[in-house]
Amino acid sequence: TIVGTAVGSYNGITKKFPEGETKGKNEGLSASDTTTKVGNSLKEIAKLEVLVSSFKLNDYHELGNKYAALYLLKADAIFTVDLSKASFKDEEGMIQVRVPQPEVAVSIDVRYTEKAIESQRKFFNGSAEDGFNAYINSMSNLEENAENSIKSDENLMKSARDSAEKQIRRLIRDISLNGEELSIVWE
């Protein structure tokens, strides 16, 4: 916008193009490329982290009737919005942004894993490899179940959407020069 105004003004003043000043100014004021610039800038961000929620999990892990343990774990639910999938539409001073729903990923911090209870038969005849594989499978199921549980928690999803809207509004306000109104639509 600024460059278009400057070039048009220069050409108009130097009489290279008599209509240059008016044309350059009108082009600069029209801001026809605002939506494209806003859209491209936001899409470069790709995944915008909008909310992190910490929580505790417990995992009851057992190997047949020979071994059982209860683990207490610390985890984070990380909510992101993929702005590369967003679409933008400019209508007379109003930018409409269509955004996909927040995604969630659970990250278990194994540094804070605590074995609360452990029970083992006197004559455990299993292998260490079997025990390790069972533990890994148990942790994998725990992450998947936690993600599904969090996705179905409407309060957390609403908090993630609210946070995303605030961040998207702030980003667009910083990118946009003309202060267009903004409408965010969740898909």
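This is a predicted model: local features need pLDDT of at least 70, side-chain atom pairs count only at pLDDT 80 or more; totals for chains, interfaces and linings use all residues.

Colleague: Where does N65 lie?

Modeller: Residues are numbered from 1 along each chain as its sequence is written, and side-chain values use heavy atoms, with hydrogens and water left out. Strands are DSSP runs of E with at least two residues, and helices are runs of H or I with at least four, both numbered from the N terminus. N65 lies in the loop between β1 (47-63) and β2.

Colleague: Is N65 buried or exposed?

Modeller: Buried means under 20% relative accessible area, exposed over 50%, and partly exposed in between, with a 1.4 Å probe and protein chains only. N65 counts as exposed because its relative accessibility is 55%.

Colleague: Is T80 buried or exposed?

Modeller: T80, which is found in strand β2 (residues 67-82), counts as buried because its relative accessibility is 14%.

Colleague: In what order do the strands of the open sheet run?

Modeller: Two strands pair if DSSP finds at least two bridges between them. Here three strands form an open sheet in the order β1-β2-β5, with antiparallel pairing. β1 and β5 (103-120) are the edge strands, each pairing on one side only.

Colleague: How many bridges join β2 and β5?

Modeller: The antiparallel pairing of β2 and β5 extends over 13 bridges. As an example, K74 has D109 in β5 as its bridge partner.
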